[in-house]
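Please look over the sequence and the structure below before reading on. The text then goes through the model part by part.

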Amino acid sequence: MSFTRRSFLVATGAALSAGALQHAAFAADAPDTLFTPRVLGNPNAKIVVEEWFSLTCIHCAHFAEETFPQVKKNLIDTGKIRYVFHDFPTDQLATLAAMVARTLPEDRYEPFCSAVLSSLDRWAYNNEADHKAELQKIAAFAGMPAATFEKAIADQKLLQFIMTEQSEAQDKYNIESTPTFRFNNKEQVSSALSYDDFVKYLNKAS
């Protein structure tokens with residue numbers, strides 16, 4: 001999914017500013033892990049793969065459903081690679097979802113993101129749906145109380161963290177669409193890779 005920073009900043013600011021004032025103090029109570037990297041796999045793996053993704057991106061959803069399970073089974077769980085997730089929301093709803101995902105315990109981050117991406121037609125692209133309410137339902141299944149959900153999507157410190165990380169990544173790596181992958185800081189590609197293509201880039205960066 002393509003990304004325009006200016007349109008994202010304007011839309012996100014307008015959508016979140018009102019709710020943020022209600023719970024501005026929440027960041028002070030946030031766990032220390034709120035701003036830590038979201039990582040799977042062997043911390044000593046020789047190969048590091050990074051993914052920048054948006055939680056409303058249909059291409060990210062395709063990768064998450066079709067390719068990532070094989071990557072996790074064959075490469076992450078076996079200790080061959082260390083996999084780093086980077087939030088790169090491309091619209092308001094993706095921003096809300098990213099904030100919720102980061103507020104969950106670290107071990108629920110990836111499962112929650114997978115659930116969100118597999119439900120896009122229900123919560124994000126259904127024009128008749130209450131998008132926020134549908135997102136909250138997914139969060140509830142992940143164990144998040146309603147009050148915590150409201151605090152999460154109003155946390156200005158968390159919002160600024162995500163936006164800063166996104167801006168820095170775009171400036172440093174010229175990321176313009178999601179998903180974007182970097183393999184050992186050697187190979188970069190923006191595409192919903194098949195497993196075979198994923199392995200090809202992995203081998204090239206080894």
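What follows covers confidence, aromatic rings, a cavity and a pocket.

This is a predicted model, in which local features need pLDDT of at least 70 and side-chain atom pairs count only at pLDDT 80 or more, while totals for chains, interfaces and linings use all residues. Residues are numbered from 1 along each chain as its sequence is written, and side-chain values use heavy atoms, with hydrogens and water left out.

The predictor's confidence in each residue is given as pLDDT, from 0 to 100. Its mean for the protein is 88, and 84% of the residues reach 70 or more. Over residues 3-31 pLDDT stays under 50, and for this stretch the model has 41 contacts beyond four places in sequence (a contact means heavy atoms within 4.5 Å).

The structure holds 14 aromatic pairs. Rings of Phe, Tyr and Trp (its six-membered ring) pair if their centres lie within 6.5 Å; planes under 30 degrees apart count as stacked, over 60 as edge-to-face and the rest as tilted. Phe183 and Phe198 form an edge-to-face pair, because their ring centres are 5.1 Å apart and their planes stand at 70 degrees. Phe183 belongs to strand β4 (residues 180-183) and Phe198 to helix α10 (residues 195-205), so the pair ties together parts that are 15 residues apart in sequence. Helices (H or I, at least four residues) and strands (E, at least two) are DSSP runs, numbered from the N terminus. Phe183 is buried, at a relative accessible area of 0%, and Phe198 is buried, also at 0%. Buried means under 20% relative accessible area, with a 1.4 Å probe and protein chains only. One aromatic cluster includes Phe53, Phe63, Phe68, Phe85, Phe183 and Phe198.

On a 1 Å grid over the protein atoms alone, a cavity is a set of points where a 1.4 Å probe fits but cannot get out, and a pocket is an open set with protein on both sides within 12 Å along at least five of seven lines; lining residues have an atom within 4 Å of a point. The largest cavity has a volume of about 110 Å³. Among the residues lining this cavity are Phe53, Phe63, Phe68 and Phe85. The largest share of its lining, four residues, comes from α5.

The largest pocket holds about 340 Å³ of space. Of the 23 residues lining the pocket, Glu50, Val84, Phe85, His86 and Glu165 lie nearest its centre. Helix α9 supplies the largest share of the pocket lining, eight residues.

Definitions and conventions. Buried means under 20% relative accessible area, exposed over 50%, partly exposed in between (1.4 Å probe, protein chains only). Grid points are joined across faces, edges and corners, and a volume is the space filled by probe spheres set on the points.
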